[in-house]
Amino acid sequence: MNFIKKQLPLTVCFVIGTLCFAQYYVPARASQDFLETMNGYVLIMAFFAYFLGMYSIFAPNLRKIANQADGWGYSVVLFLGVGIGVATGLLSHARQMAPDGSLTSFGWMYNYMYYPLNATMYSLLGFFIVSTSFRAFRVKGGPALVLFISAVILIFGRVPLGQMLWAKFFGWTHVSVSQIVEWVMNYPVIAGKRGIMIGIALGSIAASIKIIAGIEKQYLGGD
Amino acid sequence: MKLKITITVLLAAACLSAGMARAEVLAESAAVYPVSGLTAGDMPYDAGGFILLKWAAMPYDGLAVQYKVFSSTAQDGPWLFAGSTRSDRAYSSDIKLPFWAWTGSKNQHALPVEIAKIFPPPLSPAAAALVEKFGGHREKFTGRQNFEVESGEVRARRAYEEGINRTRYFFKVAAVSGAQSAESAVVSAVPAAAWFSLPRLNNLIYALALAFVFLWLIFHAKRKTYFLRRLAGLDAIDEAIGRATEMGRPVYYMTGRYDIDKISTIASTFILAEVAKKTARYGAQLKVPHAYPMTMAVCQEIVKQAYTEEGRPDYFREDINFFLSSDQFAYTAAADGLMARDKPAACFYAGYYYSESLLLTEVGASVGAIQIAITDAEAQLPFFFTTCDYTIMGEELYAASAYLSKDPVLVGTVRGQDLGKIFVMAAIAVGIIAVAVGTVCHWSEFVRVVLDPVTSF
Amino acid sequence: MKVIDKLLNLDRRIIFLSVLLVILIPIIRPFNLAGVEITGAVKGVYDTIESLPPGSAVLVSFDYDPSGKPDVYPMSVAVCRHAFRRNLRVVGMNLWASGTGLAEEALRKTALEYGREYKKDYVYLGYQPQAEAVITQLGKDIYVMYPTDYYRNPTRGMPVLDGILSLRDFAFMVDFSNGHPGLEEWLIYGADKFGFKIACGCSAVSEPGFRPFLNSGQIVGLIGAMKGAAEYERLIGMPDKATAGMEAVSMGHFLILFLVFGANALLLVKKYF
């Protein structure tokens, strides 16, 4: 049993991991076929895993409705939403537009329910960013001052109103705020990002080697 | 005097216009003869299906001359048009491969030719029969027939590609200028698949060297302990879970926007193991909402194992890990709703996040939770820094499991990361100096030798 | 001092209300501000499309969902308009399941404006899962990955795909990316392996992350955020939603400046007086 729960998965992980690593250096067709096969396996596993996910989301909500627990109304809404989405999708053959250019029922649901809900959640970011900036942008030292000044310049440079005001008050410098913003974006920002990206890449390599070599075994779970 | 000037000007104008007319004649055509040094060979470092034609740069190379390539499966034809190029293009130096894999120059033309574009794959017999039966109207096929035709095409394509790499193809190059044309001798080659990509040799060396360093450090870590600098965010995990236990409120742990096939999610699950051990130890309630069922399944096992190792298997519940939605904002809305109702005392955001990061952390902050972010999503760092109590960024996500477990073997790999960074920093410094010197002294080959190992992957 | 403390701990709801007002006002009553300045990153995309001969095939990947409608959708519409105006063949696809409606809308709307015919001048291939596998397969043979288009029409023999066998045969590719999968997958599995010209349009948050690719020449241009979309609309001479939205964006930005300056001024007053 230990072999099936420990040795076999570790061996499979090592063999497949090494083959996927070697695949990058082999241009031959067999190597590309192998990669496609692996991608296909991932897709198949993800598909079956969704049954687990469906059970995980439906079972507790069904229990909530049965027991009329706190918030059971939301569980009814969940099932209604899933039902309507699946039904309209099946009826419209997952098409959002009919051949004549009119909206199908699925398309109507997408345009008038899904899209506004999605856009609403995303638009919350705008409000949160303003309130977070107000709370967090307190200059309490040198680095904070540098951050503050660069943020002000970037805000000026990203909007037409800012560009206009800069031209009006600082036009005598013969340097447009867009040029400064481009410089900031192309040099300091990229330098910082590249440093972080190099560190992340090395960390990813280390983590991958640990998993392939069987040093990190936590994903296997217990006995 | 005026007359002399006028005559001079008129003569000059006549000479100029005659010269221009001659130049125009030259631009329209040039005297051409067959190209020399034509060879055909397999295109290196590819999966097969390409032939590389090479011939010498000719004295008549210029705007007026074009090279046309013809191909056939037989020595004597029939010849199919395989492509063309202007004579002032397609030099071997235009092929962008690193210096150890390719030597190019302006003295030689090199033109890759794709066989499948010249000789397109045929349909399989069964597929061809079906297409003929419906007069080519594939929209009349049933689903099964469509599947059969597509499968037949895939099989035919596969057989065809294997066939390409066993067939000899014949080529000739015609130099064309206006009405003049001069054909070369016929050359032939068989495409072949390469089994090693030499341009990626530098990448392989770096990867093997890193792997060797990591494994060597792991071996030595068992005999030697390495110092890890303090990471306040990870030290605060105990405090956060203790607070949750005292207040009787749950601990929320989120694994990020990616599925389990991404390394950042795997790293997040390693941290979840440590967090789960602490929640089991202190008796705090743990909740892990998931965006992907596969991640949920893996985390289920990890949390179960963690509770068992802490001797608290009875505290484990199946609904600690639960699935919400794979859609970004549906997940965020659900998680926000749960946090607003449950009012967790501690929230952990470990993994890669997109724009939902601020939405989650703002709600967490509004319910008064201690928030610890452990992420390699550099674009979201500003949001985490302003809303979370502690932020662990970048590669620290991957070092976190070593830091929390204090396992000497895992700590050894963190040292390997540091050595890798030192190597990169040294390479950047040396490279900057070398490229600057090479550029100033016009040593283009030296600059290429310095840059190719770090730009060619 | 109590007033200063109260102001420094201003209720979030007041801030949210201020945001709502400053965004609404320019929408209801536009100010007609001057246009945005054109940056090199956006011009790179424009110049590349301008340099393509008529009849060239351009691949457009609409890798965003409705959350990208304010900034990424307008830039995709502007690029499609530009491509159709230049008589280029447009092949649309996406790697996000939730973005099919927007992709269809963008292509159909812009094609109608220029009288372009489906299957002859443009085609929408649709969505396929598993981005890495899709891109790898497209690099070898697009017909294996897309034997039919989104509307179940067989792709082989379509006039718009004439001469196209794989990604290498596209003159240019533009990826409109709002997250994952997106530009990074196209670079790693596509452009790096098969060598084709690629540009990107993305949201504001992603733009700094994609700048290194622009800097290293891996992408020829980058249209970032609503400002980039407004720049592109200005370049093609067709101001639309992005240009209209820039006024609201301007006011929102200046509200942030006002609040931040105000908070720091209050802090100074509190500290020294």
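Reader: Which residue takes a positive phi in the hairpin of S6(B) and S7(B), and how many residues stand between the strands?
Author: In this hairpin B:Gly178 takes a positive phi near 65°, and two residues stand between the strands. The model is predicted, so local features need pLDDT of at least 70 and side-chain atom pairs count only at pLDDT 80 or more, while totals for chains, interfaces and linings use all residues. Residues are numbered from 1 along each chain as its sequence is written, and chains are lettered from A and ligands numbered from 1 in the order in which they are written.

Reader: What makes S6(B) and S7(B) count as paired strands?
Author: Strands (E, at least two residues) and helices (H or I, at least four) are DSSP runs, numbered from the N terminus, and two strands pair if DSSP finds at least two bridges between them. Within the pair, B:Ala175 stands opposite B:Ala182 in S7(B).

Reader: Why is B:Ala90 called partly exposed?
Author: A residue is buried if 20 or more other C-beta atoms, placed from the backbone, lie within 10 Å of its own, exposed if 12 or fewer do, and partly exposed in between. B:Ala90 has 19 C-beta neighbours inside 10 Å, so the residue counts as partly exposed. B:Ala90 lies in the loop between strand S4 (80-86) and strand S5 (108-114) of chain B.

Reader: Which residues is B:Ala90 in contact with, leaving aside its neighbours within four places in sequence?
Author: Contact is a matter of C-beta atoms, placed from the backbone, lying within 7 Å of each other, and on that test B:Ala90 touches B:Thr85, B:His109, B:Ala110 and B:Leu111. B:Leu111 is 21 residues away from B:Ala90 along the chain, with 6.0 Å between the two C-alpha atoms.

Reader: Why is C:Leu259 called buried?
Author: C:Leu259 has 20 other C-beta atoms within 10 Å, and so is buried. This residue lies in helix H11 (residues 241-272) of chain C, and, leaving aside its neighbours within four places in sequence, C:Leu259 is in contact with A:Val130, A:Ser133, A:Phe134 and C:Ile15. C:Leu259 and C:Val19 are 240 residues apart in sequence, yet 11 Å apart in space, C-alpha to C-alpha.

Reader: How do you know that H4(C) is largely enclosed by the rest of the structure?
Author: Of the 14 residues of H4(C), 13 are buried, so the helix is largely enclosed. Helix H4 (residues 72-85) of chain C reaches 20 Å from its first C-alpha to its last, close to the expected 20 Å, the expected span being 1.5 Å times one less than the number of residues. After H4(C) comes C:Asn87, with a positive phi near 60°. In chain C, buried residues make up 51% of the 273 residues.

Reader: What makes the 113 residues a nonpolar core, and which of them touch the most other members?
Author: A nonpolar core is a set of buried Ala, Val, Leu, Ile, Met, Phe, Trp, Tyr and Cys residues joined through C-beta atoms within 7 Å. In the largest such core, of 113 residues, the members that touch the most others are B:Tyr253, B:Leu272, B:Ala276, B:Ala346 and B:Phe348. Helix H7 (residues 263-282) of chain B gives the largest share of this core, ten residues. Another core, of 77 residues, lies apart from it and includes C:Ala106 and C:Met251. As a general rule, nonpolar side chains tend to be buried together in soluble globular proteins.

Reader: How many residues of chain A are in contact with chain B, and how do they divide by class?
Author: Here 47 residues of chain A are in contact with 60 residues of chain B. The largest share of chain A's side, 15 residues, comes from H8(A). Ala, Val, Leu, Ile, Met, Phe, Trp, Tyr, Cys and Pro count as nonpolar, Asp, Glu, Lys and Arg as charged, and the others, Gly among them, as polar, and by class this side has 31 nonpolar, twelve polar and four charged residues.

Reader: What are the domains of chain C, and where do their bounds come from?
Author: The bounds come from an automatic or database domain assignment, which divides chain C into domain 1 (2-23 + 248-272) and domain 2 (40-246). The centres of these two domains, taken over C-alpha atoms, are 40 Å apart.

Key
Contact = placed C-beta atoms within 7 Å.
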